Amino acid sequence: MNDDKKNYRPMEDSIQTDLRGKMRYGDYLSLEKILSAQNPKSGHHDEMLFIVIHQASELWLKLAGYEVAAAITNVRQSDFGHAFKVISRVKQILNQLVDSWNILATLTPVDYHKFRGELGTASGFQSYGYRKLEFLLGNKNADILNVHRETPFAYKELSELLGQPSLYDEVIVKLSDAGFEIDQSVLERDVSLHYERNESVLQAWLKVYRNSEEYFDLYELAEKLVDIEDAFQQWRFKHMYTVQRIIGHKKGTGGSSGVTFLKRALETSFFPELFELRTELP
């Protein structure tokens, strides 16, 4: 072979080049809108990094919420096979989000402060996609809705989700359907409140784990939920640590205490009994 041709890939005759009136890649993905949505305000080079990372994260969060909503429907319908599939996908999405912090961590404190003032009161705490995902997983707080009052579509959907069962609420119903004695106070609880650990739920899960072959679907479902929380907590930790690395213990742009506030999130659990039971096994 001629050495001059080694790094050359010729155009194949079958490749479409006349795309007049046809569906194009950019049209299908609305790339003109997406790629023109990065509007740095400071003129500083690293502001583009900051914007792209956060915009991409919002897309991943949107997909994660979409998949968890599907998982809720699957569990409600006892379609565990499809629930396993989408929950596994959510884990990988969260892993992708964790990796994104590694890119943002290349932003130095000196460079960030050259454009931080342009954010004003904008803050990741106001992320509609993040809040939707937390609501779907069961970490609910009605007070947080006030942050979204000026964004009608977000306020409307989050208000609706606040009053709907979370993924874990639906899973606990399946424990009851399988014959486990779950307290009525749990089955009839106000789902607009964040979930609190319950002894009857713990005992049900202990029986599932101690008889995993008999209750394999529930056992596998529980482990999928643990996968989600594991990945979610890694994302929370990496978020907190990246913020600490870049701004130390300064207040957040949205008014929070910053790192201190983010650390408190690490103490919350979507599925508390699934972690507590590990102390009780075998």
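Q: At what angle do H3 and helix H6 pack, and how far apart are their axes?
A: The angle is about 20°, and the axes are 8 Å apart. Helix H6 covers residues 128–137. Axes here are lines fitted to C-alpha atoms, for helices over the stretch in contact, and angles run from 0 to 180 degrees between N-to-C directions.

Q: Before we go on, what kind of model is this?
A: This is a predicted model: local features need pLDDT of at least 70, side-chain atom pairs count only at pLDDT 80 or more, and totals for chains, interfaces and linings use all residues. Residues are numbered from 1 along each chain as its sequence is written, and side-chain values use heavy atoms, with hydrogens and water left out.

Q: Back to H3 and H6. Parallel or oblique?
A: H3 and H6 are roughly parallel to each other. Angles under 35 degrees count as roughly parallel, over 145 as roughly antiparallel, 65 to 115 as roughly perpendicular and the rest as oblique.

Q: Which residues meet there?
A: From H3: Glu58, Leu61, Ala64, Gly65, Val68, Ala69 and Ile72. From H6: Gly129, Tyr130, Leu133, Leu136 and Leu137. Contact means heavy atoms within 4.5 Å.

Q: How do they divide by class?
A: Nine are nonpolar, two polar and one charged. Ala, Val, Leu, Ile, Met, Phe, Trp, Tyr, Cys and Pro count as nonpolar, Asp, Glu, Lys and Arg as charged, and the others, Gly among them, as polar.

Q: Now H3 with helix H8. What are the angle and the axis distance?
A: About 15°, with the axes 9 Å apart. That makes H3 roughly parallel to H8. H3 spans residues 47–76 and H8 spans 167–177.

Q: Who touches whom?
A: Val68, Ala71, Ile72, Val75 and Arg76 of H3 meet Leu167, Glu170, Val171 and Lys174 of H8. Those contact residues split into six nonpolar, no polar and three charged.

Q: Zooming out: how many helices and strands does the chain have?
A: The protein chain has 13 helices and zero strands. Helices (H or I, at least four residues) and strands (E, at least two) are DSSP runs, numbered from the N terminus.

Q: What span does the C-alpha trace have?
A: About 70 × 55 × 40 Å along its principal axes.

Q: How much of the chain is buried?
A: Of its 282 residues, 40% count as buried. Buried means under 20% relative accessible area, exposed over 50%, partly exposed in between (1.4 Å probe, protein chains only).

Q: What about the largest nonpolar core, how many residues are in it?
A: It has 69 residues. Those with the most contacts inside it are Leu137, Leu167, Tyr168, Leu175, Val201, Trp205 and Leu274. Helix H11, residues 216–247, gives the most to this core, with 13 residues. A nonpolar core is a set of buried Ala, Val, Leu, Ile, Met, Phe, Trp, Tyr and Cys residues joined through side-chain atoms within 4.5 Å.

Q: What does leucine 137 contact?
A: Leaving aside neighbours within four places in sequence, leucine 137 is in contact with Val68, Ser166, Leu167, Ile228, Phe232, Phe270 and Phe271.

Q: On to H13. Which of its residues are buried?
A: Pro272, Glu273, Leu274 and Leu277. The buried residues of H13 pack against H8, H10 and H11.

Q: How do H10 and H13 pack?
A: At an angle of about 60°, with axes 9 Å apart. H10 and H13 are therefore oblique to each other.

Q: Which peptide bond is cis?
A: The one from leucine 281 to proline 282, with omega near 5°. Proline 282 is in the segment after H13.

Q: Where does serine 30 lie, and what is its phi?
A: Serine 30 lies in the loop between helix H1 and helix H2. Its phi is near 50°, a positive value in a residue other than glycine. Serine 30 is partly exposed, with a relative accessible area of 35%.

Q: And serine 78, what phi does that one have?
A: Phi of serine 78 is near 60°. Serine 78 sits in the loop between H3 and H4.

Q: Last one: is alanine 105 buried or exposed?
A: Alanine 105 counts as buried, at 12% relative accessibility. Not counting residues up to four places away in sequence, alanine 105 touches Thr242 and Arg245.
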